[in-house]
Amino acid sequence: MTTETTLATVDDLRRVKDSYEAYLSKYKYQALVCGGTGCVAAHSAAVGEALKQAVARHGLEDQVAIIQRGCMGTCAVGPVVYVLPDETYYSELTPDKIEEIVVSHFIDGDPVEKYAFFDSVQGKRALNIKTVPFFRDQLRVALRNCGLIDVETVDAYIAHDGYTAIAKALKLGPAATVDEIKRSGLRGRGGAGFPTGVKWEACLKSEGSQKYIVCNADEGDPGAFMDRSILEGDPHTVIEGMMIAGYAIGANQGYVYLRAEYPIAVRRLEQAIAQARAAGLLGQPLFGSDFSFDLEIRIGAGAFVCGEETALLNSIEGLRGEPRQKPPFPFQSGLFGCPTIINNVETLANVAPIILRGADWYAGIGTETSKGTKVFALAGDVVNTGIVEVPMGTAMGDLLFNIGGGIPDGKSLKSVQAGGPSGGCITKEFLNTPVDYESIVRLGAIMGSGGLVVMDEDTCMVDTARYFMDFIQDESCGKCVPCRIGTKRLLEILTRITHGEGQEGDIELMQELCFYIQQTAMCGLGQSAPNPVLSTITYFREEYEEHIRERHCRAGVCSNLLLSPCQNACPVAINIPGYLALLSEGRFSEAYELIRRENPLAAVCGTICTHPCERKCRRLQTDESLAICSLKRFVADRAFAEGAVAVNEGVSPKTGRSVGIVGAGPSGLTCAHYLARLGHEVVIYDRAPIPGGVLAYGIPEYRLPNEVLMREVKLIEAEGVQIRLNTEIGRDITIGQLRQAHQAIYVAAGAQSSNRMGIEGEHLPGVVHGLEFLRQVNLGQGTYPGKRVVVVGGGSTAFDAARAAVRLGAEKVTIVYRREVADMPADETEIREAMEEGVQILPLVAPLRVLGKERAEGLECARMELKGFDKAGRRQVRQVTGESFRIDFDMLIPAVGQSPDRSLLGGEVTDGIFTGGDFARGADIAITAIADGKKAASQIDLYLGGKGVLNKGAEVDYPAPSDAGDIEPHKRFPIEVLSPQDRVSSFDEVVTGYHKLDAIAESRRCLRCDRR
């Protein structure tokens, strides 16, 4: 319904409000169908039509009001229908789901949970939006009506106190109205954050018989759609805001500059203006006063520069959209040479509630210098993409992870681009930063209009800078040389770097260019154009250096720098498409040789690797990533079974140079392999009775059988590498003696010292640290751990210890971890298999002290809660006050990490001594240790007078990619795994491997991303 009478007095507003509320009260339910652009694109019109037909079919027209509404911000899950008064939020609807909702919800009174909004934070569907952080944690002022009112009628806006604020302003008078806005602390939401009241006051005092109010709705930032949502969902709030602004400064005419790419916003604003004019709110004296105000829409052609206020004014006047020199400022001489105030949509949407509820109310929200709320558009790699509104000062991390729902697919946050193309990036170490004008600027970004483009670990920051510079350069109006030419030069350099043609000095050259553009560009857009480049260099300089020096893109985005995303993600750069192609033809030995060119421990890695390659597999975009790791193990097993593994083929002649390696772990073995192939004499020294380092004694047989490890160690020995066991540096031989025996030394002794928890009672008998426990188990020295075992930690060592304890007969094994399960560094497969085997996990629990006198008997623990973020972007934990409990045990196994013992060097690393693996970087995964061994071999060869080029053996030919054809979705082919019942009774290997036919079929799922 829409009023058809002129609203001459404030009493008329009350009458319309009462009438509309009475109209809605007749219905048992209100079904608000989203009509925002996102839902419209997802076919919400078809959902709405299906709803109308179903309601009519069941004779519910008098019980269910179907209302067209604007967006509530959940753009990722449309089409959406919001049902009142239940506050049930149905998402991702299709017409065929409507009948069930109508029958179950509207007839039987039972909401359909399976179609309700899924809250990723709680991991469940919510029948009431008040339980969902996305809705619960927002404070909506500018968006107060969006998604809650009928956008087709002015009556709905009036029923929510619409146009009451302008009536109040007419009583206050212009000066008092301006003062109210000043005292509220409202700052411009379009980017610069200039105090709105100060701007209005300057225009109020400006001389001129004609003044103008202009609404800047030219929202051109990629990923920004705040203004569009307000205009689509609550156009009357912008109209009323402009009316109040016009009255405050003495303007009777307003213009809304709206981009043509927003057709729904244009249509709804036109409709709202027509309704307001018909109701006597526009175009004639208002509420018996002598103030009248009218509005016109001006459609912009989509030029980004017209978001700059003076370029916008030129465009309205019919001139070329180029910035003007300032001063004079628009409040002095703006549109058609008259004093003009330009505010953006969000700013104006705040005006009516401020006048209605008072400046003190608004000033009580936010921070000391940034008052009120801010609307943000969450876009990119975040679960809840869409529109949100939060108080100024909200932590960036809370905005992204509580309201935004976090990063999809379990990936980590890399950066947030704040402020659009002219903004800058905010990295994960700054998640505790309050979102306000000053704090964002201190990080090298800007608030801008509120666009937040979230980027995960798969984002290349160099390419991101190139993308934004491409946009800026293309959108430059060209009026001034610094912006026109400077941004073009920046784009050229960035493009060269992403194509693998970067040069030393490029970074410094870009920094110099950025400085001069900032200092000399004519307008604010040009002056802020270098921000993306400068901020990415500041926080991600190492990525630029990798692109330039190593021709490597760690994110796997810059295609000129990589063979395929999976190969690029592999720390040792195995040619994955190549060996999968060989496997698909049954050429197993050749596939193994291709892998072994880059990794001499192929079977080992095929067993225990954390497979970063699979997380980059493009097959994920279709169904599931390839089982790259398991196929690697299959290839190795088949190659050994065929007995066709070449060992000494292509080995270089002897050089007469000798290298001593400390540590027979993955890094030391890898380094030895490549040095021996280069013709150097290599001797490995290890204190353990068996080779392999942590691979041999730190990983149980059920995950890595000793037989698998030893067969690859024997291949390395067959290349001429000597391994001297039971030889400890400092006890059996000194570093000085090694220096005399060898021309170079590589120290890769690993991280063999278990970290302590640092709590009382940790020294008591009954406490066995994780690595020591596993060493005893693997060397056959372990004893029965007892019936009750408690493990502290969340990494692979903790889970290996827990699962080993189960196999040794423990009846109850509990892992306590101070964070949530999703934060555990262990692989999700390890976690799942441990739980299948009966291991209990207690998350958000931290040890306080070990209890017992002669022997450890119990662990006093504290409940923890998540609060804030650490430098790595993870949730910080803190103890819940007054909540502690005891866990009794027979054995406590702390597994909170390991550290290297660097004292064996006896001082600083000197010339000829190289370090790598866990000894250099701290406890890490095997594949990075192997990568370190490769790098060390190259560096040592250079030191010994060689070229530093590794001898990887003969080239292996593999099938070239064929035409892709159609890609049929197909999930992974099955791999054989022992049942939990069979697993817990022995240390037999859990994953028994692929059947030959399944392995070949799985390899043929490869998309051959090496295709060029």
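Strands here are DSSP runs of E with at least two residues, numbered from the N terminus, and two of them pair if DSSP finds at least two bridges between them. S25 and S26 (residues 875-888) run antiparallel, joined by nine bridges. The two form a hairpin with five residues between them, and Gly 873 in its turn has a positive phi of about 85 degrees.

S25 (residues 858-869) also pairs with S24 (residues 845-851), again in the antiparallel sense, over six bridges. Here Val 850 stands opposite Leu 859 in S25. This hairpin has six residues between the strands, and Gly 852 takes a positive phi near 140 degrees.

Now to the parallel pairing. Four strands make an open sheet in the order S23-S22-S21-S27. S23 (840-842) and S27 (891-894) are the edge strands, each pairing on one side only. From one strand to the next the twist averages 20 degrees (axes are lines fitted to C-alpha atoms, and angles run from 0 to 180 degrees between N-to-C directions). Within this sheet, Val 791 stands opposite Ile 815 in S22.

| Strand pair | Sense | Bridges |
|---|---|---|
| S24 and S25 | antiparallel | six bridges |
| S25 and S26 | antiparallel | nine bridges |
| S21 (residues 788-792) and S22 (residues 812-816) | parallel | five bridges |

Residues are numbered from 1 along each chain as its sequence is written, and side-chain values use heavy atoms, with hydrogens and water left out. In this predicted model, local features need pLDDT of at least 70 and side-chain atom pairs count only at pLDDT 80 or more, while totals for chains, interfaces and linings use all residues.
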